[in-house]
Amino acid sequence: MSALPAAEPRRAIGLETRGMTKIFGSLVALEDCSIEVRPGTLHALLGENGAGKSTLVKCIMGFYQPTRGEVLINGAPAAIANPRDAHAHGIGMVYQHFTLVPSLTAAENLVISQAHPPAVIDWRKEKKALEAFLDRMPFKVPLDVPVSALSAGEKQKLEILKQLFLDQRFLILDEPTSVLTPGEADEVLGLLRGMTEAGELTILMISHKFREVTAYADDVTVLRRGRMVGSGKVSDLSVDAMSRMMIGDTKIRERAARQSFEAKPVVLELAGLFAEDEGGLPAVEGVNLKVHAGEIVGIAGVSGNGQSTLIEVLSGQREATDGRLFVDGEPYEPSRQHMAKFKVFGLPEEPLKNAAVPRMTVAENIAFRSFDQPPIASKWGFLSPRPMKKKARELIAAYRVKTPSTEEPIENLSGGNVQRAILARELSGEVEVLIVANPCFGLDFASVSEIRSQIMDQRNRGAAVLLVSEDLDEILELADRVAVMSGGRIDYVVPIAEAERNAIGKAMAGH
Amino acid sequence: MIETELGWLTVPLAMLAGAIRVSTPFLFVSLGECLTEKSGRINLGLEGTLVFGAMTGYATSYHTGSPWLGVLAAGIAGSLFGALHGFICKLPKVNDIAIGIALMLFGTGLAFFFGKPYIQPQAPRLPSIGLGSWSDVPQIRSALDINPLFLVGIVLAIALWWAFKNTRWGLIVRMTGDSAPAARAMGYSVDLVRFLATTAGGFLAGVGGAFLSLSYPGAWTEGLSSGQGLMAVALVIFARWNPLACFGAALLFGAAGALGPALQSVGITQGYYFFNAAPYLLTLFIMIASVSPKRSLKGAPGELSITK
């Protein structure tokens, strides 16, 4: 303990919400939610998408004004009208979407984030102060590199460092480990936990991962449909109990069983594939991979290791700089003709952006694969809307897409329903090759299990499936073989029976 | 005659002289555009601002007898145009490129309307500094007859380059240009920063216009700018939003613009109009060479509507 009270750092803050309610129009996003975060603890906030977690933290941060309810800081009611007020109270938030400025260096980002940056910046002095600050911090980032050149993990660390640099003593972390390798996640959470134990910091962490909650959190609060449904010490709760609180009694569709096949032929082959990202830098470097019929090959990896570029090449959104693709032993180019001929279909990530035209109707979006063929297209190239709508109605019913009508712009649908509509379009015919990227990102439990069953179903029918996912659990659940992509290369491929979390984690980190 | 002694050297010398003379408006407009684009907006209206600035500067110089007052008036007129652009773009669902084109037409139209009476009269021009007095060769002397605005432009380019890195305002402008959500999260008003950056950019473009009418070519005519304001936008992209590179690019464009007259001065009149088109061809080639559909522009501010 320091003998000088003046040099004493600010201590951890305790925070409480009482009866927080937020109503948007007719939607009750948050109802009578009271949570208590004790000072110097790591508190996990669990819940499905749309459960009200982000509404709650946005009310705490002052982005939203709650309809009812109040925030107490160290026991005293606090008025938080905007994020600046929250910062003044020592509350900082690390968002899932980075708020760093990409073209500025780490040092510039830190300096400009202060409440009152100097008008003319004396870089020598600032650098010295920053280095002194970093010396006290558990993790390091390079200061003189533009943020755009940092890895996702380094960016995440820098976001956390920024809040600590601003001397925030209550941190809200929104799924902080989604872009980290398992190793990095353990490192960051372990170090943050050390700071909370030392009484320097309080953390409220939104998470989906039970493993992290049980390993690092002291307390947990579970939200469902805008209400608090459970709270307590993590040590008193089992994973099973927590997950039941999260899902409630929602019926979950049974997972399709895995059918076993004997030596099937190779259908999709990637041979020496190279590609560049939009910055013109090499992103995919010499990828070789074979996918057999009736097999799911899962590509694991931390986001930003070339997976998006690989998917873009496979789905024809980007040209490869070198290498070839084969389907059924024949050269394949991702053109519309080849896709139809070889029956190659895909579910890219963020389907509203990559696989749909947001302002066109659901029926039109569903017809993208078939509008130029009969019965929709006539001999003279005119489209007849009636068969198009009929087909759309059938698929909407079969895939349980919730939409007011076939004529609704697809952008008005919820994420899960957009994904189902695209799935309906891609899977309604015969499928030989299926390329899937992060299919369940941001979806609720029921949709997740339904979409995973559909993918498994295609595999069982003999399709060759290439699945890229940042969710390792998803890969371990679905894949027959696991490949790990790191730094644009795939050097590690194992059958699922031999797949082991630690070894995969190491391969993800590039070791 | 000394001219014959120089021989073929006349052409590069004339191009150097041209580069220095012709580049100044390019430099001012591109610095203004660079500042505006760094804040995350494109102002295509700078062509109109340039022409209106040229007219205002000339008219003020004619009435007051002071060319420097003309430069100031041109700058103020330019900043009004910039402010108008910045204000309109703050309104919801407004596209900065469309507003820019509208203001370009508005600015040139307004300048022609008010400028009619000033086509004939002679206004006092900006003085120049004879840096070439050490030489006996008249071409060198005329090449180094430098307008103070050119020097101001160099200082400005360096100052902007320094300020983007070393001042709070520089970092704030870059931040709003690269990530509006980040700027908002830190409590800065993105609209206000862009409004001010566009206004300041307009001021610089107006000063560039004053150079056109008060120094080189040095008279007010309707065909004065011939698209220099638009080429400056291309030049900013070529310069990768770096003020120092803007200076180099402005010199290059100036030299290209001087190619036609330089060749004519040594008696090569064939293809005069073709060589006069050099800056436009240069724009085209630079755009083809530096822009690729496969990758995003390096160094481009992330908020620009062309890079989004």
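Tutor: Let's start with a facing pair: A:Ile23 stands opposite A:Val28 in strand 2 of chain A. This is a predicted model, in which local features need pLDDT of at least 70 and side-chain atom pairs pLDDT 80 or more, while totals for chains, interfaces and linings use all residues. Residues are numbered from 1 along each chain, chains are lettered from A and ligands numbered from 1 as written, and side-chain values use heavy atoms, without hydrogens and water.

Student: How do you know that strand 1 and strand 2 of chain A pair?

Tutor: Two strands (DSSP runs of E, at least two residues; helices are H or I, at least four; both numbered from the N terminus) pair if DSSP finds at least two bridges between them. Strand 1 (residues 15–24) and strand 2 (residues 27–33) of chain A have four bridges, in the antiparallel sense, so they qualify. Their hairpin has two residues between the strands, and A:Gly25 there takes a positive phi near 55°.

Student: What makes strand 13 and strand 16 of chain A edge strands?

Tutor: The open sheet has four strands in the order 13-12-15-16, with antiparallel pairing. Strand 13 (282–292) and strand 16 (330–331) each pair on one side only. Strand 13 of chain A is joined to strand 12 (residues 266–276) of chain A by eight bridges, and A:Lys290 is the bridge partner of A:Glu269.

Student: Why are helix 2 and helix 11 of chain B called oblique?

Tutor: Helix 2 (residues 10–38) and helix 11 (residues 228–238) of chain B pack at about 60°, with axes 8 Å apart. Axes are lines fitted to C-alpha atoms, for helices over the stretch in contact, and angles between N-to-C directions run from 0 to 180 degrees. Under 35 degrees is roughly parallel, over 145 roughly antiparallel, 65 to 115 roughly perpendicular, and the rest oblique. The two helices are therefore oblique to each other.

Student: Which residues of helix 11 of chain B make that contact?

Tutor: Among them are B:Gln228, B:Met231 and B:Leu235, while the helix 2 side includes B:Val22, B:Phe26 and B:Glu33; contact means heavy atoms within 4.5 Å.

Student: What do residues 68–88 of chain B look like?

Tutor: They are 100% helix and 0% strand, with end C-alpha atoms 30 Å apart. Residues 192–212 of chain B are also 100% helix, with end C-alpha atoms 31 Å apart. An unreviewed UniProt entry lists both stretches among the "transmembrane region" features of chain B; such annotations may be inferred rather than shown by experiment.
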